[in-house]
Amino acid sequence: MRKAALVTGASRGIGLAVAERLLSDGYIVYCAARSVDQMGGLAEKGGVVLPLDCGDEASVTALAERIIQENGGVDVIINNAGYGQYGAIEAVPMAVGRAQMEVNFFAPVRLIQLLAPAMRERGGGRIVNISSVAGRVYSPLSGWYCASKFALEGISDCLRIELRPFGIQLSLVEPSPIKTEWSEGAKKSLLEYCAGTAYEEFAQKSYRLLKGATDGRAASGVDAVVKSVMKAVNAKNPKPRYYSGKIARLSVVSKTMLGDRLFDLAMNSQLK
């Protein structure tokens, strides 16, 4: 019997690449995203293309119900959908911050709530939550994004322990900067919400730092993340976390070794 997988945010970038890999490995792949029209290539390759708006509880519930109705559930969940909301915390409206949490945090948790019972009935499964080094390492003007990923990291640790007795294994994948369209939205929001505020000059410096990280040689291709995801899916005893990208491990280890005070100084020195 063919195994089934759900990949959210499958219309582009990491999600698209992961969905293509799972299809090539013989999975039934439910490919979910807001931009259904951008997933025609996945449909041609045999993917089941479905609409998903992670900011809408009804859309998340409808997706899970359809998968259960059609296939009885899935063996693998890849919670990849997300975006980067940047800007000074003071300047970003609360509604915008809540939207970031809804998509990056609440939606993946809700999908696990809805699909885990069917996994348990199947005798097990794999869940891979795509986090970020920003779930371990903070940076200026990325507060809402960091908050969403820090939250995802914490709840994933709890879920990993809760689900393991039922044969459901959960891993986090923590990419460093990856060459995708994600960075354009992050950079745009950084400037948009700081324009005309006390943080405008600071934002210009932060923008250059973010652009250098996401567009420069430190950025990795999506293949690096696909490799980590497939390790988490296929390993007999998957790791709780997989670093992914050229500077992922370095970023986390450096933060740990420096401690908060020295790390703050290091960050500030880059923004002078």
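Reader: Which residues is Ser176 in contact with, leaving aside its neighbours within four places in sequence?

Author: Val133, Ser244, Gly245, Lys246, Ile247 and Ala248. Contact means heavy atoms within 4.5 Å. This is a predicted model, where local features need pLDDT of at least 70, side-chain atom pairs count only at pLDDT 80 or more, and totals for chains, interfaces and linings use all residues. Residues are numbered from 1 along each chain as its sequence is written, and side-chain values use heavy atoms, with hydrogens and water left out.

Reader: Why is Ser176 called buried?

Author: Buried means under 20% relative accessible area, exposed means over 50%, and partly exposed lies in between (1.4 Å probe, protein chains only). Ser176 has 5%, so Ser176 is buried. Ser176 sits in the loop between E6 and helix H6 (182-194). Helices (H or I, at least four residues) and strands (E, at least two) are DSSP runs, numbered from the N terminus.

Reader: What does the side chain of Ser176 reach?

Author: The backbone nitrogen of Ile247, at 3.5 Å.

Reader: Why is Leu141 called buried?

Author: Its relative accessible area is 10%, under the limit, so Leu141 is buried. Leu141 lies in the loop between E5 and helix H5 (143-163). Leu141 has a positive phi of about 65°, although it is not a glycine.

Reader: What makes a patch of Leu258, Leu262 and Leu265?

Author: Patch residues have over 30% relative accessible area and no salt bridge; nonpolar side chains (Val, Leu, Ile, Met, Phe, Trp, Tyr) are joined within 5 Å, like charges within 9 Å. A salt bridge is a side-chain nitrogen of Lys or Arg within 4 Å of a carboxyl oxygen of Asp or Glu. Together the three leucines have about 270 Å² of accessible area, by the Shrake-Rupley method with a 1.4 Å probe.

Reader: How does the span of H3 compare with the expected value?

Author: The expected span is 1.5 Å times one less than the number of residues. H3 (residues 57-71) has 15 residues and reaches 21 Å from first C-alpha to last, close to the expected 21 Å. Just after H3, Gly72 takes a positive phi of about 75°.

Reader: What covers the buried residues of H3?

Author: The cover includes strands E1 (4-8), E2 (28-33) and E3 (48-51), and helix H4 (94-122). Among the buried residues are Val60, Leu63 and Ile67.

Technical notes. A polar contact is a pair of N or O atoms within 3.5 Å; within protein, one must be able to donate a hydrogen and the other to accept it, and residues adjacent in sequence count only if both atoms are side-chain atoms.
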